[in-house]
Amino acid sequence: MSDFVGLKVFAPATVANVAVGYDILGFAIEGPGDEIKIGYGKNPGLKIRAIHGAKNKLPKSIEKNTAGVAAQALLKYLGKEEMPIEMDIYKKMPFASGMGSSAASAVAGAFAVNEFLGCPLNKKELLPFVLKGEQVADGAYHADNVAPSLMGGIVLIRNNQEHDIINLPVPNGIYAVVIHPEISVLTSESRSILSDTITMDQMIEQSGNLAAFVASLYRSDLELMKRSLKDIIVEPQRAKLIPHFYDLKDIALKNEALGFSISGAGPSLFALCQNSLIAENVATKICEHLISKGIESQSYISEINKEGAIKL
Ligand code: HSE
């Protein structure tokens, strides 16, 4: 396939929920993510020419692809739906993984269009369009993957419907470990098994953990972070989807991780660590345990990505 003149953007993978903030907290990581090349097409309208790195498992149709939906929503808003535009998507991360693959596509799609048109909107203004794209993936409206992929850093969402997001401070030196075990968990299933109700006691305990985690970021207080990175509501319900989850958690915490839980809807897992040495050790021990149980996995070790979506 011939190349076209245009530009290229990147949107990073993300960890959603971060144990304490189901649907309202996420951070971006360095390394894996989606690249999109965008340029002028031959015919009016938006077209996805090719998707690389997805083994033909992702739809090229604009209405079904999260990048296509987000890009199209932005073009419509700008009154440029008829503009001849083509995109090539390069998936440089596993999909259906709990690492925000559909969100990275949605962010890269809208961000690419915005850059191609000379940045009519700022990054934060792209949020409603990327959310629309992300919604195609699991039918739900939550920005805990798209917001950090777009903005970078650790992002708290005060209200998903109102697109009210807050970038939180990132303590110096902390590292994230993300482990992707080669097992399959559907986001829709992982959401549908969750109970609709929680008790008042659970609400009180989880609010305490979320608030204290946010405080730990503002104070760079890693001991407080360690005490607060606890999910008493969602993790216990989803742990059964991930074989050996509690053994893996035990290994991570015994090896000095500050916290360990499920990344997004799973099957990926994440740990936050005080430094890169601890992160590497935690990643090695988790992967070794998984392989001893016959489960292959990939690990990603990175600082928190502070830039979010970028033009390459
Ligand atoms: N907050 C979402 C969930 C992230 O846990 O289901 C995955 O899309």
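Asp144 places a polar side-chain atom 2.5 Å from a nitrogen atom of the ligand, a polar contact in the sense of a pair of N or O atoms within 3.5 Å. The protein covers 95% of the 260 Å² of accessible area that the ligand has on its own, with areas from the Shrake-Rupley method and a 1.4 Å probe. Please keep in mind that this is a predicted model, where local features need pLDDT of at least 70, side-chain atom pairs count only at pLDDT 80 or more, and totals for chains, interfaces and linings use all residues. Residues are numbered from 1 along each chain as its sequence is written, and side-chain values use heavy atoms, leaving out hydrogens and water.

**Around the ligand**
- The ligand is surrounded by 13 residues (each with a heavy atom within 4 Å of it).
- The closest of them are Asn17, Asp23, Asp144, Arg191 and Arg238.
- By class, this shell holds 3 nonpolar, 5 polar and 5 charged residues, where Asp, Glu, Lys and Arg count as charged, Ala, Val, Leu, Ile, Met, Phe, Trp, Tyr, Cys and Pro as nonpolar, and the others, Gly among them, as polar.

- Asp23 has a polar side-chain atom 2.5 Å from a nitrogen atom of the ligand.
- For Asn17, an N or O atom of the side chain is 2.7 Å from an oxygen atom of the ligand.

**The two domains**
- The domain assignment, automatic or from a database, gives domain 1 (6-167) and domain 2 (175-303).
- Both domains give residues to the shell, so the ligand lies between them.
- Their C-alpha centres are 24 Å apart.
- Contact (heavy atoms within 4.5 Å) links 27 residues of domain 1 with 31 residues of domain 2.

Note on methods:
A polar contact is a pair of N or O atoms within 3.5 Å; within protein, one must be able to donate a hydrogen and the other to accept it, and residues adjacent in sequence count only if both atoms are side-chain atoms.
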